[in-house]
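Here's a quick briefing to read alongside the coordinates.

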Amino acid sequence: MDELVAKLSEFQVAFEELEQKLSDPAVVSNSDNLKRLSRTRKQLLPTVEAYATWQELAKQIEGALDILRTESDKELREMAEFELASLRERQSALYNELRLALLPKDPNDEKDIMVEIRAGAGGDEASLFAGDLFRMYSKYADKMGWTTELANANTGEVGGYKEIILNIRGDSVYSKLKFESGVHRVQRVPETEAQGRVHTSTATVAIMPEADEVDVQLDERDLDISTMRSGGAGGQNVNKVETAVRIVHRPSGLMVACSEERSQLQNKERAKQILRAKLYKLECEARQKALADAKRSQVGTGDRSEKIRTYNFKDNRMTDHRLNMNFSLQSVLEGDLDKIIEACIHDEQKRLLEAETQLVPS
C-alpha cells in the first residue's frame with residue numbers, strides 16, 4: 001500500500017510539472033511539442049483524478065474512524081460504521097483500478113498501425129481466408145471511427161489475397177489490435193469441395209506500429225531499390241509504365257513492394273513506410289523478449305509462429321487459444337471484436353500484475 005501511494009505521489013508531481021509546461025507560451029508555440037504534451041496529459045489525467053478520489057476517501061475514512069473513537073452516541077456510531085464499510089469498499093475497488101493504471105505502459109499503444117495479412121497453408125482457400133480477415137478488420141475499423149488505407153495488395157488466383165497491407169489510423173489503434181498478431185486458422189468446407197470435406201487453412205497477421213524517421217532511420221546505402229510494371233486489370237499505367245517499387249533492406253534481408261499508388265515516387269515512399277514499420281516491429285519484439293526473460297513472464301510476445309485462433313465455420317465458433325474462450329464466428333467476421341479485445345486486455349493486465357507480484361521481494 002505504501003509503495004503504491006509513493007508511486008502515485010510521483011505520478012501527481014509529474015502531472016503538475018506537465019501542467020506548468022503546457023502553460024508556458026515558449027513550449028506550446030511548437031505544435032509538435034503541444035501535440036505530444038497534450039497526448040501525455042490525456043493519458044495521465046484519469047490516474048491523477050483517481051488518485052485525488054483516493055485521497056478524499058482516505059480523509060473520509062479517517063473522519064469515520066475518529067467518530068468511532070470519540071463518540072458514545074449509539075446512533076452516530078451506527079451511522080459511522082455503515083459509512084466506513086461503504087468507504088472501504090469504494091477504496092478497495094479504487095485500489096485495484098490504480099494498480100492497473102500504474103502497470104508498465106506499452107510505448108506503442110497510441111500509435112497508428114499497419115496490418116499485414118498473408119495467406120499461409122491451404123492454397124486458394126488460404127487466400128480467401130486472408131480476404132475474410134481483411135474484411136473483418138476493415139469493418140472493425142469502420143465501427144471504431146478509424147480511417148483505413150490500402151498500402152499494398154497481391155490478390156489470389158480465385159479471390160482473396162496472397163498478401164495485403166492495410167494502414168489503420170485513429171485513437172490508440174495499436175492498443176486495441178496488437179493482440180491480433182499470430183497465426184489464424186480456419187476450418188470450413190471450400191465451395192470447390194464436392195465431397196463436403198472440411199479443409200484447414202491458415203493466414204498470418206502481423207500488427208506493426210507505424211514508425212516514422214525518428215523511430216527508424218533508413219540508410220539509402222543499405223537499400224536495393226528496383227522498379228517494375230504494375231500488375232492487375234485496367235488503368236493506363238498497367239504493364240506500360242514501371243510505377244511499382246521493390247525495396248530490399250540488405251542488413252535484415254527484408255523485402256517490401258508497393259504498387260498501389262499512381263506514381264513511382266509515391267510507391268517508393270510508401271514502400272519505405274512499410275519497411276520502417278517492419279523493422280520497428282522486429283526491434284520491439286526483440287525488446288519485449290529481453291524484458292520477458294528478465295521478468296520471467298510471457299506477456300505480449302506477439303510471436304507470429306503461435307496459433308492464436310481457430311475459425312470453425314461448421315459450428316459457427318471462433319476459439320481464441322490464448323484465452324481458451326469461444327465467440328460467435330459470424331459476429332466476429334462482421335467486425336464485432338470488442339469482447340475478444342477486452343478479454344485480451346484483461347488477460348494481459350492479469351499477467352502483468354502476476355509478474356509485478358513475483359518481482360516484489362518477500
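In this predicted model, helices H3 and H4 cross with a left-handed sense. H3 covers residues 31-70 and H4 covers residues 74-101; their axes come within 9 Å and cross at roughly 155°. Anything over 145 degrees counts as roughly antiparallel, so that's the label H3 gets relative to H4.

**The chain overall**
- You're looking at 9 helices and 11 strands in the protein chain.
- Of its 362 residues, 38% are buried.
- If you take contacts in the chain with a separation of 6 or more, 61% of them link residues 24 or more positions apart.

**The largest nonpolar core**
- As background, nonpolar side chains in soluble globular proteins tend to be buried together.
- Here the largest nonpolar core has 36 residues, and the members touching the most others are Val 115, Ile 117, Leu 133, Tyr 137, Ile 168, Leu 177 and Tyr 311.
- Strands S1 (113-119), S3 (161-169) and S5 (199-209) each put in at least two residues, as do helices H5 (124-144), H6 (173-177), H8 (329-333) and H9 (338-359).
- H5 gives this core its largest share, with 8 residues.
- A separate core of 20 residues sits apart from that one, and its members include Ala 206, Ala 271, Ile 274 and Leu 279.

**A closer look at Tyr 137**
- Which residues does Tyr 137 touch, not counting those up to four places away in sequence? The set is Val 115, Ile 117, Leu 177, Glu 180, His 184, Val 205 and Leu 337.
- Two of those partners, Val 115 and Ile 117, also turn up with Tyr 137 among the core members that touch the most others.

**Helix H5 and what follows**
- H5 runs for 21 residues and spans 31 Å from its first C-alpha to its last, close to the 30 Å expected at 1.5 Å a residue.

**Lys 272, inside H7**
- Lys 272 belongs to helix H7, which covers residues 264-295.
- Is Lys 272 buried or exposed? Its relative accessibility is 8%, and the cut-off for buried is under 20%, so Lys 272 counts as buried.
- Setting aside neighbours within four places in sequence, Lys 272 is in contact with Leu 218, Glu 220, Leu 223 and Ile 247.

Key: Residues numbered from 1 in each chain as written. Predicted model: local features only at pLDDT ≥ 70, side-chain atom pairs only at ≥ 80, totals over all residues. Heavy atoms only, no water. Core = buried A, V, L, I, M, F, W, Y, C linked by side-chain atoms within 4.5 Å. Buried < 20%, exposed > 50% of the residue type's maximum accessible area, 1.4 Å probe, protein only. Helix = DSSP H or I, 4+ residues; strand = E, 2+ residues; numbered from the N terminus. Contact = heavy atoms within 4.5 Å. Expected span 1.5 Å × (residues − 1). Axes fitted to C-alpha atoms, helices over the stretch in contact; angles between N-to-C directions. Parallel < 35°, antiparallel > 145°, perpendicular 65-115°, else oblique. Left-handed = near helix turned anticlockwise from the far one by under 90°.
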